[in-house]
Amino acid sequence: GDDSSFLFRYSPMIELEEQPGDGESTDSCPKVQSISFSAKSGGYAPNLPRNELDLFYSAKRAFSAMLHSEEYTIRVQLEPGGLVIFDNRRVLHSRSSIADTDGDRWLQGCYLNRDGIYYQYEQLRRKWTMSLTETPFRNLKQAVRADYDKMGVEYDREVSKKTLDNLIDMLKSQKDAYLGAPVSLMEHNIQTASRALRAGEDDETVVISLFHDLFETLAVKNHGELIASMLAPWISPRAQWALAHHEIFQGYYYFEHYGLDKNKRDMFRDHPFYNWTVEFCEKYDQASFDPDYPSLHLSQFIPAAKRVLSRPQYWWNPAHPKAGAVSADESGSTGSTGASGSNSTSISSKAVCEETWTCYAAQDNLNFS
């Protein structure tokens with residue numbers, strides 16, 4: 001309105017809705033999102049190679065003939081006080097000529113500008129989001145303690161406390177993911193956990209068995225690292241290490257078929273968690289592809305999962321540098337109730353922390369049992 005801006009929009013004459021990005025073919029035609037065709041402003045041609053322009057003009061003439069065909073025309077006789085509402089991008093419109101005998105006519109056109117509506121919505125949305133914070137900060141340097149307290153509580157309620165629900169939803173999404181195996185990934189995970197539970201393993205072992213291949217439908221070669229990282233705040237370094245390396249240990253059963261060393265896992269033979277990971281793969285992981293195995297119902301593992309995920313985050317090393325991220329209490333260690341939580345744990349001065357991936361507790365506590 002102040003002559004400081006010039007807005008324009010380029011669009012094809014026929015604009016189609018975006019198709020799902022799943023790569024699957026569909027027999028149905030894509031839906032038309034908008035049509036831009038005008039004798040006054042539609043005289044341009046797209047920037048096409050010269051050998052394609054003839055085809056373009058031929059198609060444009062065919063489309064124009066369809067638009068002017070009685071087969072695709074709806075005529076409305078307006079009466080005094082009449083109102084016609086339509087989507088200007090989906091319904092082409094025009095009026096018939098006015099004959100001398102028609103008398104005086106008055107027609108008022110009104111438009112709702114989409115961009116204007118979206119602009120107003122975005123302005124209101126930003127104003128509303130600013131009202132959600134304790135102070136109107138725009139970067140973390142401007143935020144105050146009260147802002148971080150509020151974010152900590154929100155993250156705890158909306159993210160941390162929904163971790164189990166999210167894990168279960170991901171597991172259920174693998175119900176039909178067989179990927180060449182005799183059982184689905186969901187069944188493989190549940191079967192692995194069933195074997196561990198029936199063998200009398202502790203809650204943590206049962207839980208990592210249940211979720212160990214949760215990310216295999218998203219990442220193949222490094223899926224163990226992903227679940228290890230996600231569960232790291234609640235599970236011991238031994239369990240983290242086993243999850244992160246189990247793809248290599250599973251290779252013991254098939255690497256040789258591809259000219260690889262089946263004993264590649266032996267590069268970790270001196271690691272304190274080597275033997276435990278070998279046992280985990282032998283007894284539970286590699287054995288759980290049996291379609292006739294009587295797996296337990298998923299609900300049988302929920303209590304153990306709740307107990308593991310109710311642990312104070314980074315209980316195995318309160319001095320972990322990530323323990324203070326987002327929902328830390330005043331001491332810098334993590335509580336399950338957010339910034340103002342009471343589940344604080346004293347920081348160990350003996351913590352070993354050369355990097356976050358191996359930021360375990362005191363060296364003499366590495367052999368978790």
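User: Is Y284 buried or exposed?
Analyst: Y284 is buried, with a relative accessible area of 3%, where buried means under 20% relative accessible area, exposed over 50% and partly exposed in between, using a 1.4 Å probe and protein chains only. This is a predicted model, in which local features need pLDDT of at least 70 and side-chain atom pairs count only at pLDDT 80 or more, while totals for chains, interfaces and linings use all residues. Residues are numbered from 1 along each chain as its sequence is written, and side-chain values use heavy atoms, with hydrogens and water left out.

User: And how many aromatic pairs are there in the structure?
Analyst: The structure holds twelve aromatic pairs, a pair being rings of Phe, Tyr or Trp (its six-membered ring) with centres within 6.5 Å, and planes under 30 degrees apart count as stacked, over 60 as edge-to-face and the rest as tilted. The rings of F249 and F268 have their centres 6.4 Å apart and their planes at 15°, so this pair is stacked. The pair links distant parts of the chain, since F249 lies in helix α8 and F268 in the loop between α8 and α9, 19 residues apart; helices here are DSSP runs (H or I, at least four residues), numbered from the N terminus.

User: What about F280 and Y284, how are the rings arranged?
Analyst: The ring centres of F280 and Y284 are 6.3 Å apart and the planes are at 65°, so that pair is edge-to-face. Being four residues apart in helix α9, F280 and Y284 are separated by about one helical turn, and F280 counts as buried at 2% relative accessibility.

User: Switching to α6, why is it called largely enclosed?
Analyst: Eight of the nine residues of α6 are buried, so the helix is largely enclosed by the rest of the structure. The buried residues of α6 pack against α4, α5, α7, α8, α9 and α10, with contact meaning heavy atoms within 4.5 Å.

User: Now E247, where does it sit, and what does its side chain reach?
Analyst: E247 is in helix α8, residues 237–250, and its side chain reaches the backbone nitrogen of G224 at 2.6 Å. E247 is buried yet has no salt bridge, which would be a side-chain nitrogen of Lys or Arg within 4 Å of a carboxyl oxygen of Asp or Glu.

User: Which opposite charge is nearest to E247?
Analyst: The nearest side chain of opposite charge is K221, 10 Å away, with Lys and Arg counted as positive, Asp and Glu as negative, and His and the chain ends not counted.

Terms used: Helices (H or I, at least four residues) and strands (E, at least two) are DSSP runs, numbered from the N terminus. A polar contact is a pair of N or O atoms within 3.5 Å; within protein, one must be able to donate a hydrogen and the other to accept it, and residues adjacent in sequence count only if both atoms are side-chain atoms.
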